[in-house]
Amino acid sequence: MSADKDCQTKSEVDLCIFKDIFRRADKNDDGAISWTEFVSYFSDGIVTDDGMRNLFNEIDSHNTNNIDTHELCIYFTERLGSHEPVFESAGSLCRAVSASVKSLAETHARKPPAAQFVDRFLLREMCAHLEAQLQVARLQRLLDRLESRTALVTGRTRIEEAVLDEDEAMILIVRRRLAVQEEQLASFLSAVRKYSSQLEGVTSCLL
């Protein structure tokens, strides 16, 4: 069965964006997501170990103790709900961007300087437009709030966060508790000091 057919469920082939998710989760590239790989990629620190195991078994509809592309795609595309139009658009956008970048790589060097300038200008504008339209920061703040609320309900808190978000004021206060191995403590503290020094004088960031 082809990869595209694997993803042809009730939604369009554009939802094969889940193939990319599968490739990222399949760390050893053997074409299957093991239990260890599943926990490593999908665990959010809120769902319990038993909950993750139940989820793994539910997705593994063939009962092979591994998850293949077809199983992963079927499971998530059947549960997209109101997110379906977003993922359909994302799939179309990814294909369009890939085609544009491929064409640019093949033709840019042969173009005259004026045409190369246009390529660079359009690419910068495309990046700026995508960044503005995707509203990544806003989605991340929403995810932070959802995870924080879920952690309070389940009592399983991995990260402690306090988020102030009044009328899109763009003020974000975060407190994170990190576990650092003793042998890595010195390098971690050095990295923190370097990061802090680089932010000196940056008024948009409060330490």
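Author: The structure holds nine aromatic pairs. Rings of Phe, Tyr and Trp (its six-membered ring) pair if their centres lie within 6.5 Å; planes under 30 degrees apart are stacked, over 60 edge-to-face, and the rest tilted. With centres 6.3 Å apart and planes at 25°, W35 and F38 are therefore stacked. This is a predicted model: local features need pLDDT of at least 70, side-chain atom pairs count only at pLDDT 80 or more, and totals for chains, interfaces and linings use all residues. Residues are numbered from 1 along each chain as its sequence is written, and side-chain values use heavy atoms, with hydrogens and water left out.

Reader: Where do W35 and F38 lie, and is F38 buried or exposed?

Author: Helices are DSSP runs (H or I, at least four residues), numbered from the N terminus. W35 and F38 are three residues apart in helix α3 (residues 35-42), about one helical turn. Buried means under 20% relative accessible area and exposed over 50%, with partly exposed in between (1.4 Å probe, protein chains only). F38 is buried at 1%, whereas W35, at 24%, is partly exposed.

Reader: Which aromatic pair do W35 and F56 form?

Author: The pair of W35 and F56 is edge-to-face, at 5.6 Å centre to centre and 80° between the planes. Because W35 lies in helix α3 and F56 in helix α4 (residues 49-59), the pair ties together parts 21 residues apart in sequence. F56 is buried, with a relative accessible area of 0%. Ring pairs link W35, F38 and F56 into a cluster with F18, Y41, F42, Y75 and F76.

Reader: Which residue lies over the face of W35?

Author: A charge sits over a ring if NZ of Lys or CZ of Arg is within 6 Å of the ring centre and within 35 degrees of the ring normal. R53 lies over W35, at 3.9 Å from the ring centre. Likewise, the charged end of R79 is over the ring of Y75, 3.8 Å from its centre.

Reader: At what angle do α4 and helix α5 pack?

Author: Axes are lines fitted to C-alpha atoms, for helices over the stretch in contact, and angles run from 0 to 180 degrees between N-to-C directions. Helix α5 (residues 69-77) packs against α4 at about 105°, with the axes 9 Å apart. The two helices, α4 and α5, are therefore roughly perpendicular (65 to 115 degrees).

Key. Angles under 35 degrees count as roughly parallel, over 145 as roughly antiparallel, 65 to 115 as roughly perpendicular and the rest as oblique.
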